[in-house]
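The following questions concern side-chain packing in a protein chain. Please examine the sequence and the model before reading the answers.

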Amino acid sequence: MALRLVADFDLGEDVLAWLRAEGDGAGARGGGRRVLEANYASLHVLNIERNGNIIYTYKDGKGNVIFGLYDCQTRQNEHLYTFEKDLQVVSCSVNGERTLLAASLVQSTKEGRSNEFQLGSKCLTLLVEIYPVNNVKVLKAVDSCVWVQFLYPHVGSHPLPQSHLLLVSEEKYIERFHIQVTQEDGNKVVIKNSGRLPRDRIAEDIVWAQWDMSEQRLYYVDLKKSGCILKCIQFYADESFNLMFETPVDIPLSDSKFKLVNFGCDYHQDQGKLSEHPTLCVFTSHTGSLCVCYSQKVDSWEEITYTVFYFHKGYKKTFATALGSAGSHVTQGLTFLNLDYYVAVYLPGHFLHLLNIQHPDFICHSLFLTGNHKLIDMLPHGPLQSLSGSLVLDRCSGKLYKASLDQSSLLQFLWSTHLDWEKMAALHCVLSCGCDLRALESQLIHWVSESVSACHSFDLIQEFIIASSYWSVYSETSNVDTLLPYSSVLAWNTEIPGIALMTEETALPLVKVQSFTGYWEKLNSNLEYVKYPKPFLRYSNCVVRREWQHLISEEKTGKRRSATYVRNILQNALKVMSNVEARSLEPRLAPLLQEEDPYQRLLMGLMVSELKDHLSRHLQGVEKKKVEQMALDYTSKLLDLVCNLLEASWTKQGLHSSVLQLNERASAAEFAVFHFMTRILEATSSLFLPLPPGFHSLHTILGAHCLPLHNLLHYIDHGVLLLTETAVTRLIKDLNNTQKNEKLKFSIIVRLPPLIGPKIYQLWDHPVSSNIISRSHVTRLLQNYKKQPWSSLINKSSFSVEFLPLSYLIEVLTNLESSDQALCDFEAHDSVDAEFVQEAALKHTTVLLGL
């Protein structure tokens, strides 16, 4: 399944088994085994506190309400308290020291049972001393329901002299009680001044509220004439609290309905059909995201609509999902689950949507699965409650899960899906899991090499390289979120069948505090980024392209800038190469990283330099060394991915570094590797990414071996294949001088770049290369030649050719060669003299004249 649900607590195994063991003796003695089993049917979870402890309740044979606690650290159960009355529990909470229990109860629905606590009220809110069991104080006795929740300033078990209790009333207000405790008679803990507990009003006129137990935050909606206002209060360890933000939300909440989220596991409030009530919840993550998910009650059996407010991005998206068949009734509401980088939207039996909340701009980065897909068939079909963090409670089974994306199932899904948008979304889901990166990368590379030709809406190699590199450094600091490219896709216009999407701008939250730390600092940074127009901050290699072209031009003209600048760039390249080589655990089969390739080294060094400058400008407060290392790691990762892609293709086809026999016919494996290398080159060229040194040489050698001559020359002339010194040297030396190979060599020789041409000409002992050498030699001699008056006294006896133009040229060259300057300039070319030039020129002339 797409979601991995790991059971952290099972009411049946962790509690019910203990209760049966405890009750077996009493049940056997009283012959009431069946009665015990019937009572256990009332067992259910009430609340999960910040420290992970789970409060549950059940009724004994007399209908008395029993409270128990399961300690998640010791895995032991503890009896907390028994109300010897037949009441129904609405809410319950225990303070961190386990000295106080707060509970809200309503009258029992059983007939024939009196209720001494009734006092003419519908709901009782009680505060009980439980260390040991002692006094009971009535906090509220009202006709409206009340929910209670102790604050946990920190998870530690340090005893505090004061506890703080939130009380939420159905009458639409929230109060906080301050409860002083003291010790008496040794370890006995009692409430101090219990006659009048201090309290303060936190909020009024609320119609909805949500409690975040792990972060100690209270979200609530205040219904004003202008509409619904979402507010958030943060509670701190020093007993203070702040109103952090408020923002309007375009949600049609009714003043007559009251709804709470995560104030315990409230079965009383959810007795009706879930599909008949709207769903609203707030999700945050450590990256500074703030999402509000909302779905109205189901009005149609054909389509489900829900809205997600991406407040950290400044817009909301409304999704309309076709259910597929008009007869498929919906008996449950939507479930929204927080998965950190994603929000899961789940409708049992119908669909599972994984919405990317970190990068929600394009719909292709979210995964939409329908009900007939095996990835969601195994998910629980009962109502799920999303708690703080990634905890999920299955109310029917009483199981508490830790939810996450199932990396293994998503990898299998990548292999089976044929839809481009599902490939894109699933790839990002898999990468966000972030566990066992080396093994994951190997599996993804295998998939990319097999699927590259089956993807048409985007470049699969580009997407894999960019996304993998992003996630490789994202774990170091989430501040790079807006600074590094997340995807190679810059636009997506393809619609996803069954999903209608509408995007609208929304008002940004109004921040109410001035100083920030942790999550609030990151959220404020996100809001500032949206609020004030800024240039596009994501890194691009456009600057690198311009600078690289300038350096190459300077090298050709001999006017390169300061040696220090170039030396720093090349040192960056050396560090990248060292990193890449260190990442490889075994020797590589593909012959890469074995030559200088100065252009590629210059490119990778420039990328490190430019990326470091880019990150330094925008990552304020981050150490310089950390920024430098981040730029180095990112560039190294890009290069390493290219190496690994090629290595996987090389291994798959069974090739090794010495397999290329240029005088033999190319194999199918070599054709496949050449094609894959061309796809890699296409992907990296458009993004102007560096390639490992030796890539172009290997690519050209394979091209010469696999392609017909006219195709090869077409690739060379259009810059797909580059004539590097290593590649041409290999071709000249390894290919024999058959007529076909001579034609190939000549075609390559005449296309050589000026910088490597003179070296290559010397390697081929052939009239063609001799002709080129002689031409080059004559050109150099005549560059500074000043025409002298014609002398009629030419010693014709020294020449065997009576062809006046040629004889005159030879005399000029002879005179130039005899000069001291010429000897000084061309002493390295002692294999070329006037006689050699004469022979070459004569042969070339006779060929042109057809003699």
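Q: Is Leu387 buried or exposed?
A: This is a predicted model, in which local features need pLDDT of at least 70 and side-chain atom pairs count only at pLDDT 80 or more, while totals for chains, interfaces and linings use all residues. Residues are numbered from 1 along each chain as its sequence is written, and side-chain values use heavy atoms, with hydrogens and water left out. Buried means under 20% relative accessible area, exposed over 50% and partly exposed in between (1.4 Å probe, protein chains only). Leu387 has a relative accessible area of 8%, so Leu387 is buried.

Q: Which residues is Leu387 in contact with, leaving aside its neighbours within four places in sequence?
A: Leu387 lies in the loop between strand 28 (384–386) and strand 29 (391–394); strands (E, at least two residues) and helices (H or I, at least four) are DSSP runs numbered from the N terminus. The C-alpha atoms of Leu387 and Ile48 are separated by 8.7 Å, although these residues are 339 apart along the chain. With contact taken as heavy atoms within 4.5 Å, the residues asked for are Ile48, Asn262, Leu393 and Leu400.

Q: How many residues apart in sequence are the parts that the pair of Tyr341 and Tyr474 ties together?
A: Rings of Phe, Tyr and Trp (its six-membered ring) pair if their centres lie within 6.5 Å; planes under 30 degrees apart count as stacked, over 60 as edge-to-face and the rest as tilted. The rings of Tyr341 and Tyr474 are 5.9 Å apart, centre to centre, with 65 degrees between the planes, an edge-to-face aromatic pair. Tyr341 lies in the loop between strand 24 (335–338) and strand 25 (342–347) and Tyr474 in helix 7 (residues 460–474), so the parts tied together are separated in sequence by 133 residues.

Q: Which residues do ring pairs link into a cluster with Tyr341?
A: The structure holds 24 aromatic pairs. Both Tyr341 and Tyr474 are buried. Ring pairs link Tyr341 into a cluster with Tyr470, Trp471, Tyr474 and Tyr486.

Q: Is helix 4 roughly parallel or antiparallel to helix 5?
A: Axes are lines fitted to C-alpha atoms, for helices over the stretch in contact, and angles run from 0 to 180 degrees between N-to-C directions. Helix 4 (residues 407–416) and helix 5 (residues 420–433) pack at about 155 degrees, with their axes 9 Å apart. Angles under 35 degrees count as roughly parallel, over 145 as roughly antiparallel, 65 to 115 as roughly perpendicular and the rest as oblique. Helix 4 is therefore, relative to helix 5, roughly antiparallel.
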